[in-house]
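I opened this notebook to record what I looked up in the structure. The entries follow the order of my questions.

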Amino acid sequence: MFCPECGSTNKKMVGNICKDCFLKDFQIINIPLEKLIISVCAHCNSHYINGKWKDIGINQEQLIYQTLKDNVDINELVKNVELDLDIVKMRGSIAECHIIADAEVLGESINQEYYTEVRLNQTVCPNCSKYNSGYYEVVIQLRADNRDLIDEEIVLADTIIYETLKRLFKKSRMAYIAQRSELKEGVDYYIGSQKAARKLVINLRKQFGGIIKESPRLIGQDKSTGKGLYRTWISIRLPEYHVDDFIEYQNNILQVKSIDDNKILATNLDTGNITKILWKDSDTIKFHKNMKDVLITTITSKSPSEIQILDPETFQPVDLPLTNNMNDLSIGSEVKVIKINKRLYILS
Ligand SMILES: [Zn+2]
Ligand SMILES: [Zn+2]
């Protein structure tokens, strides 16, 4: 066959030209320059790729290599291609890149060099622009039932919120606190995303227990997705009582032993038994007194069925039924008592 490029007649043909002429102009790779422009958030380094903002934690250099790797087209005729990518230098937001391509084409090994540019278009991603504008999706309202929050609770809640956000922020740029307001009735935390807020509420409840109430409100529409935008107010109402406080539940007087996100455990002061109260059943709990109200008195007599103490306020003798947990008490020794509903309870 005759090659119209070089005039030879004895060479292997590829299409209508000879193999040598074909390889002379052959390109192992094709670089579509328009695809090497990436939008990068100047604040968080997240980038716009395949129609989506991604904030996987890769640095600028990795991003440039990834963009090259993803967008360089390799000719279908080549086999065993090996690309060696290199950033030669940064010129402002432009990365000058060098590519060495090794491949086999039609049984021949060829080696080519390319120079190209990756442009980083500095912009602000939607998450950062939300953050900058003070955007928030949830207000967590920390409150206490029938009382003010105590300082220890506020400090602990702040710590839980900030520590949890610090962890979540590594994965989601929306895990931030836009605002914190201390009000007469409690503390409000304005949280960037629903997802982060839910995690915060879970962690706060693990510590404090309490009752959750949610009220979502439609605040607008997401321009890009057309979905409704909601802002949710989540209130966590901490119980009036703390651990060690004295409460009444189903006509029994109990001392609170522990509080968690699922239940309250409390000791029955008459029987010494532990009572478990789930949060959903907790609204009938009545708070009575705390450890500051505990008094000291003396045992004045003891029989197989009763124990007698002096009422520490009236100094009148009071007989109480003797229970198993009082076996160790002896006449003349001091005991702690709490008076609730005009009745004395010995604390063991
Ligand atoms: Zn030729
Ligand atoms: Zn950003």
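What covers the buried residues of α2? I began there, after noting the conventions.

Conventions. I am reading a predicted model, in which local features need pLDDT of at least 70 and side-chain atom pairs count only at pLDDT 80 or more, while totals for chains, interfaces and linings use all residues. Residues are numbered from 1 along each chain as its sequence is written, and chains are lettered from A and ligands numbered from 1 in the order in which they are written.

Entry on helix α2. I found that the cover of its buried residues includes β4 (37-41), β5 (47-49), β8 (78-91), β9 (94-105) and β10 (108-123). Contact here requires C-beta atoms, placed from the backbone, within 7 Å. Helices (H or I, at least four residues) and strands (E, at least two) are DSSP runs, numbered from the N terminus. I listed the buried residues of α2 as Leu-63, Ile-64, Thr-67 and Leu-68. Seen down the axis of α2, they fall within an arc of 135°, so they line one face of the helix; the arc is taken over the directions from the helix axis to the C-beta atoms. On the face turned away from the buried side I noted the exposed residues Glu-61, Gln-62, Lys-69 and Asp-70. Buried means 20 or more other C-beta atoms within 10 Å of the residue's own, exposed means 12 or fewer, and partly exposed lies in between; C-beta atoms are placed from the backbone.

Entry on the mixed sheet. I traced 5 strands in an open sheet with the order β12-β13-β11-β15-β14 and mixed pairing. Two strands pair if DSSP finds at least two bridges between them. β12 (177-183) and β14 (211-221) stand at the edges with a single partner strand each, so one side of each has no neighbour in the sheet. I looked up β11 (residues 138-144) and β15 (residues 228-238), which pair in the parallel sense over 7 bridges. Leu-142 has Ile-236 in β15 as its bridge partner.

Entry on the helices across it. Helix α4 (residues 151-169) lies across β11, β12, β13 (186-191) and β15. Helix α5 (residues 194-208) lies across β11, β13, β14 and β15.

Entry on the antiparallel sheet. I traced an open sheet of 5 strands in the order β23-β22-β21-β24-β25, with antiparallel pairing. β23 (317-321) and β25 (343-347) are at the edges, each with a single partner strand, so one side of each is left without a neighbour in the sheet. I found 5 bridges in the antiparallel pairing of β22 (residues 306-310) with β23. Gln-308 stands opposite Asp-319 in β23.

Terms used. Contact = placed C-beta atoms within 7 Å. Axes fitted to C-alpha atoms, helices over the stretch in contact; angles between N-to-C directions.
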